[in-house]
Structures are given as C-alpha cells and as structure tokens.
Amino acid sequence: MPDLTPIKTAIISVADKSGVVDLAQKLVAYKVKIISTGGTAKLLKANGIPHVGVSEYTQFPEIMGGRVKTLHPHIFGGILARPELDKDILTSLKLATIELVVVNLYPFAEAIKNQPDNLAHAIENIDIGGPSLIRAAAKNHENTTVVTAIDDYQTLIDEIDSNQGKTSLATRQKLAIKAFQLTSNYDTLIANHLQQRLENQTFPPKLNLNFSKQRDLRYGENPHQQAALYIQDSKNQSSVCTSKLLQGKPLSFNNIQDADMAWCAVNKFAKTACVIVKHANPCGVAKADDLLTAYQNAYHCDPTSAFGGIIAVNETIDAEVAKTILQQQFVEVIIAPSFAEEALEKFSQKTNLRLLQITSKPKLTQTLAFSQIDNGLLLQTADNPLEDDSSAFTVVSEQIPTETQYQDLLFAWQTVSFTKSNAIVIAKSQATIGIGMGQTSRVDSTQQAIEKAKRYQHNLQGAILASDAFFPFADNIELAAKAGISAIIQPGGSKRDAEVIAAANKYHIAMVFTHSRHFFH
C-alpha cells in the first residue's frame, strides 16, 4: 500500500464555492489536471484557471437538466481504480486515474429551512452525483484523496506543499472518515425530512440522529467519566452550544447542562427576568421592570443555593447589576444577550468567571425530547408551555383570584414547568420565595418549599403556590393554608378533586385548574 500518492488528476464540483479558486490555483501550480462541472467550471474559467468540463472529459453530455453529469465510467472508473491491480482495464478502456475528489453537496438543509413545505424544492435539492463521488473516493482512499469540507482545503494545500504534490495515507484515511460521516449525515437529514413530509409520522419506525462533535470536555458529570459536546445545528439555533465565551475557561459538562437549562428557562419570559440555576434546578426566578430588581429578587429566594450557581438574564447586564452580583455571591457562569463595557470591566476582576453571550433568544420550539435508558431511547413530544397558556384554565374554587394573584399564578405555573418533579413553587410579586423539588412525595415538596421560604424570612401571607401535577389528597392544601397561601394553581384530575376543592374553599384559597401538567424528571 503506497503511503505518498501523487495527485495527477482532480475533479472539483462544489455547491459552496468558497475558497475553491485558491485551492484550484495551488493544484495547477503542481500541474494537476482539473475536471469540473457546471457553476464550478464557470468560476474557474472566470479566474483563468485551466480545466476541462466533465462532458468534454467523458464525451457524454449532461442530461435531464444536469441531474446526470458525473455518473459515468470515465469518472468513477478513474476514482475507484487501483493503479496496479486495474492496470489492464485502465489501458484497454483508455481510462485515466483520478487521485483527488473535491466535492461539497447541494444545501438540502438550507432548502428545507427556507421552504419547509415545498416538497418539490426539497427533492430537487437532493444531491445524487456528489454523494456518489464522495463515497467512491472515500472507499478507494488507499489511492484517492477526498475533500468535502472547505475547512480542509488548507489541510490539503499544506499536505501537497510538504510532499511535493503528494498526499499521505494518514491524511487520506482521515479525510475518508469525514467523507463517510458527511454522506451519512446528509442521507439522515433527507430521510428524516421525507418521513415527516410523506408519512406524517411524529415517531418514525427508524430514528436517525444527526449531531456533529463540537469538542471534547475535560470530563463528564464526575472526573472519572469521559465526555464530549455534540451539536445538532450550529447555523440555525441560538443556544449555549453556539454561544460566545467572553471570559473564563471553557464550560464543563455540568456547566453546559445547567447553563442550557437556565438560558431556556429565562427566555420563556417576555418581561425582564432572571433565573438562577444550581444542579439543573432553579433556586431563584423573578420578573421585574428592571434587571437589577429581577436579579435581587431571584437571588434572595435562596441565597445559599445561589452560591456557585449559574445566572441567566434576558436583558443587557450593566455595571450596576455586575457590581451587585460580584458583591453578593460567587457565580460559575453568567449568561446574557449582551454586556455593557463597564460590566465587562468589573467582571474581568474574576478571571475564572465564565461570561456567555447569546445574542438572540432560543426558538423554544423543540418538537421532540429524548431520554436515554439502558439499551434504548425514550422519545416524546416536547413540553413547551407558553408564558400565558391560560385559555383552558378554570377557576374551581368559590374564591376568585385577584388580578395580582392571577399574574403570580401564571408566573409560578411557568416556573414550575422547568423545576424537577415533584415540583412546588411558591411565589409573590412575580418572584419565587420557596421552591420544593425532586421529592418522592408532593407533601415533602410542599413542606420543603414552605420551610425554605421561612428560612430566608419571606412573608408567606398572600403568596401563591403552583404544583406541576395534581394534589392526590387535601393534606397539601392544609399545609399551604397554615403557611398563609392565598391561591393555588395545579392541573387537577385527581380522584379526590372534590375533597381538594372543598379544602380550598374551607380556607378561602382561590384555586385554578390548568388541565395539563408539567412533569420534569
């Protein structure tokens, strides 16, 4: 098996033509014969780069509006040829070897993004020749170099400069793996779209996932676990994965999980808001007319848990907010759409503090959610509650909530949706004052929320309470009443709803049923 293989002939056919002129000029400098197609050939011609069109090379015209142009034995025979083993057939059929294939594919992802309901447009943007060329070259990587990513053009240039126009086997192997990954991902994207459009299936019979590795992480949840970050779409989604790290070292596995939860949570609120997260649970959430008030109210919900947490806000952080955060607490990560210059100066005093800038809100339109189990994967439609999803809500108590209570109920209902089950949120004046989560009984979560509120001397009189699922017994209502809770929002649907409602009426508590629940495990 040869290690260094000279490039004598190359075929270049790219949908994205960025950087291809510089690459072609380098190949010409090494006396490489270039075969090209369509728009790529026009670009090469416009830049005075010698080449031969594919139809001229194969002596066969492009047909069917360009659907068939590279699918020809002169092309594929040249790419797949093994110089020694296939020497006789090459000679008898007068075929020349092609040692380099530079191809990127029709932008199918862009086509379905821009026209998601236009099936004909999607079909026309399914590349046929490109994946075939790539797979052939990758299969014959012992003799053929395949380049599918613009980022690898410089790798190829450096390689042939170092080896006088030749490529090494190690490089060809690496590029072949990337090529097969590209065609696999491309086919997966097409299959997923066609399943959705043609079969209208929420849960397809075969699930294809398409994620690209972004980077290795130092370790996973614990130091003995290895970890890496994969991303589904780096161009089409505003997220922690695509954020700009303005300061501090790269995020850890746990940082990323908590940061994602905090950023998605804070952007569920249209009004200025702050969410503080610790170990994938909110420990303080607040809305306000200004960011400083929102942060202060979120922080004072549970200052102990906020220590070492992650702060996410949906407004620009100014110098006053930055100063207050630094004075009050130790924080691992702060996420915001932007930071004032004065704020950045203040934060720079803490070099280990990570600052993440995410300039646009997440879409929060995830359609499917995944949970991995041993030897399997659970798949469900995502729970994406709107900030005001109250059209189906009903007041079931004799006591009618006031407008102030109702707004607090809506706020708490939104907050409980991203709190781990069993979840209880106590709120007042658009801020959490007690959160109970992750307990094995709803009574325990209710007690936890009340005890936390009392621990930090929050006034529970007139506060409201949200539960992510129904109350199976009236004991939770009795606990809430003793604490001073004035209104409750919960899904309803228990066999003992009548008993629960009667308890609310007994204590003059307003109660709203949502008729939907927000379990979050």
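Welcome to this predicted model.

- Six strands make up an open sheet with mixed pairing, and their order is β18-β23-β22-β21-β19-β20.
- At the edges are β18 (394-395) and β20 (432-436), each of which pairs on one side only.
- Helix α19 (residues 497-506) lies across β22 (487-490) and β23, and α19 runs at about 150° to β23.

**The helix pair α8 and α10**
- Helix α10 (residues 169-199) packs with α8 at an angle of about 150°, and the two axes are 9 Å apart.
- Their crossing is left-handed.
- On the α8 side, Pro131, Ile134, Arg135, Ala138 and Lys139 meet residues of α10 that include Ala176, Phe180 and Tyr186.
- By class, this contact has eight nonpolar, one polar and two charged residues.

**The second largest pocket**
- This pocket has a volume of about 490 Å³.
- It is lined by 26 residues, and the closest to its centre are Gly66, Lys69, Tyr106, Asp127 and Ile128.
- Two or more lining residues come from each of β2 (9-14), α2 (38-46), β5 (100-104), α7 (119-124) and α8 (129-139).
- The lining divides into 10 nonpolar, 11 polar and five charged residues.

Definitions and conventions
Residues numbered from 1 in each chain as written. Predicted model: local features only at pLDDT ≥ 70, side-chain atom pairs only at ≥ 80, totals over all residues. Heavy atoms only, no water. 1 Å grid on protein atoms, 1.4 Å probe; cavity = no way out; pocket = protein on both sides within 12 Å on 5 of 7 lines; lining within 4 Å. Points joined across faces, edges and corners; volume = space filled by probe spheres on them. Helix = DSSP H or I, 4+ residues; strand = E, 2+ residues; numbered from the N terminus. Nonpolar A, V, L, I, M, F, W, Y, C, P; charged D, E, K, R; others polar. Axes fitted to C-alpha atoms, helices over the stretch in contact; angles between N-to-C directions. Left-handed = near helix turned anticlockwise from the far one by under 90°. Contact = heavy atoms within 4.5 Å. Pairing = 2+ DSSP bridges.
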